Amino acid sequence: MSLVSYDDALASYDPVMGLEVHVELGTKTKMFCGCSTELGAEPNSQTCPTCLGLPGSLPVVNAVGVESAIRIGLALNCEIAEWCRFARKNYFYPDMPKNFQTSQYDEPIAFNGYLDVQLEDGEVFRVEIERAHMEEDTGKSTHVGGATGRIHGAEYSLLDYNRAGIPLIEIVTKPIEGAGHRAPEVAKAYVAELRELIRALGVSEARMDKGQMRCDVNLSLRPNGTETFGTRSETKNVNSLRSVERAARFEIQRHATVLGDGGTIVQETRHFHEEDGSTTAGRIKDNAEDYRYFPEPDLVPVAPAREWVEELGASLPELPRVRRARLQAEWNLSDKDMQSVLNAGAVEPISETIAAGAPADQARKWWMGELARRANETGTELSEQPITPAQVARVCALVAEGKLNDKLARQVIEGVLAGEGEPDDVVAGRGLAVVSDDSALGAAVDQAIADNPDVAAKIRDGKVQAVGALVGAVMKTTRGQADAARVKDLILEKLA
C-alpha cells in the first residue's frame, strides 16, 4: 500500500490515541500462586496446578502485587478504590492455560489519574489516566519453522507457561485528544515518562527489550472539525520508545490512506514490524462484552485500608519530574541545556557517573558529546551503549590526574566500547598514557624548535602567543600523548 504523507494525513484528519501499557511487576512469586518469577528457567519448570488452571486449584492474591499497584496508582495521581475485585476475562488462546485471564474489569484498584509529560521543545502535555488495574500475564508461544517467527507459516508451536501468572499492572489512558501532528511524539514521551516513574518506584525494571513493559497503541482518525471518534486499530506489544512513535505515525498514515480512498477501517489488532516501521493485520478485535467478564468467584475482594494507602503515599520516592528539576539546579544547567539532556536520554547515565565520583560538568561533557554522537551513529539509545557510568567516571578521573588528555580519553572510550576491557586496560593495551617526563619530552621539544626557527625567533622576541605552534608540533610528534602544559613550559624555558 502506498501511504499518503504524514502532513497530508493531518491536513484532513485529527488523531485520537489510547495507550495501554502492561508492566510486569518485579515480585518474587506469581500473582495468584507461589511459583517463582525468575527469568531464564527451563520451560514449564515454574508452574503449578494454580497457574496451569487445573481443576480444584485455588488462587491467593500476592500482597506485594497489590501494594505495587497502589503505589503506581498514587504516583499517577489516581484515586485508590476502597473496594475492588477481580474478574474473569474469558477467551481461548493456546498460551492461556485456564482459558480465561484473571484481571480487573469495571472495578479497578486505581482510576481517574493523570501524568504530565514533557515534549522535546519543553512543552508539557497532560495525559489523563482512565485506570490502572491488576492482572496476570499469559504464557509464551514460540512458533518454529516460519520465516517471520509468527504462527502463519510455522511448522509447529511450543508453549512455555513459566510466564503464565506473573503479576501485571495494566495502565490505560483516557482518549488522548488535541495532540495533532505531535501525537506520535506525545505517545513516545508518555511511555518514556511512565517507564521512569515505574523504575523510580522500584516495582519493576521496566525493561522494554525484555518484555517487562509493553505498549498497545490504539489509534483512530476523525475528520478535522468533528467530534465523533473513528474506528480504532490496536497495535499490540510494541516494545521500544522509538517503536511506539513509529507505530502511531504509521497508523495515522495508513488510516488516512484507507479513509481517503473511500475504504473502511476494521477494528482489529495489528502487529508492528521493527525493520520498516509498518504494521500488519492480526485478528478482529473483540469488544468488552465479547470477553464475557464476570466476577472471579475464587478470590475475595480487595479493600485496602485508608491508613495503609496514606502510608504508601507518604513513602513514595522522589518522582522523575521533581528529581529532574532538582538535578537541573544541582548541575547548574539552563532550561535549554537540561532539555537537551532529557532529549538525549542522558539524565540517568550522567547522574550515575556523578555518583561514581565524576564532576557534573565532565560527566555531562562525555555523555552529551562523544557517547551521544556514537549513539546517533548506531541508531541506539544512549543507555544501551556498552560502557557503564563507572567506566566513564574512571576516564574522567584519569583526565583529572593528568594521565590522559581529552584526545587520549576519546581513544580510551573507543576501546571500552570495542570491548577491550576497563579504561585502565585500554590505556595499558594501547599505550595511551600522557607523557609528562621531561627527559622523554626534551627531544621532541628540541626537534620542534629546530624545525620552526621563525616561530622560535618570535617567542624569543616576546611574542609568547606563538608558542602554540610549537606545542602543536610536539603533540603531533608524540601522537597526542604529550602533556601539553608541560610542553609549553619546556619550550618557554628553552627559549627564555
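**Exercises on strand pairing and helix packing**

V217 has T235 as its bridge partner in β11. The model is predicted, with local features needing pLDDT of at least 70 and side-chain atom pairs pLDDT 80 or more, while totals for chains, interfaces and linings use all residues. Residues are numbered from 1 along each chain as its sequence is written, and side-chain values use heavy atoms, without hydrogens and water.

**Exercise 1.** Describe the pairing and burial of β10.

*Solution.* Strands (E, at least two residues) and helices (H or I, at least four) are DSSP runs numbered from the N terminus. Two strands pair if DSSP finds at least two bridges between them.
- Strand β1 (residues 13–24) pairs with β10 in the antiparallel sense over eleven bridges; V16 is bridged to S220 in β10.
- β10 and strand β11 (residues 233–238) are also antiparallel, over four bridges.
- In β10 (residues 213–223), ten of eleven residues are buried (under 20% relative accessible area, 1.4 Å probe, protein chains only).

**Exercise 2.** Describe how α10 packs on α11.

*Solution.* Axes are lines fitted to C-alpha atoms over the stretch in contact, and angles run from 0 to 180 degrees between N-to-C directions.
- Helices α10 (residues 389–400) and α11 (residues 406–417) have axes 10 Å apart, at an angle of about 155°.
- That makes the two helices, α10 and α11, roughly antiparallel (over 145 degrees).
- Q391, V395 and V399 in α10 contact D406, A409, V412, I413 and V416 in α11 (heavy atoms within 4.5 Å).

Note on methods. Parallel < 35°, antiparallel > 145°, perpendicular 65-115°, else oblique. Buried < 20%, exposed > 50% of the residue type's maximum accessible area, 1.4 Å probe, protein only.
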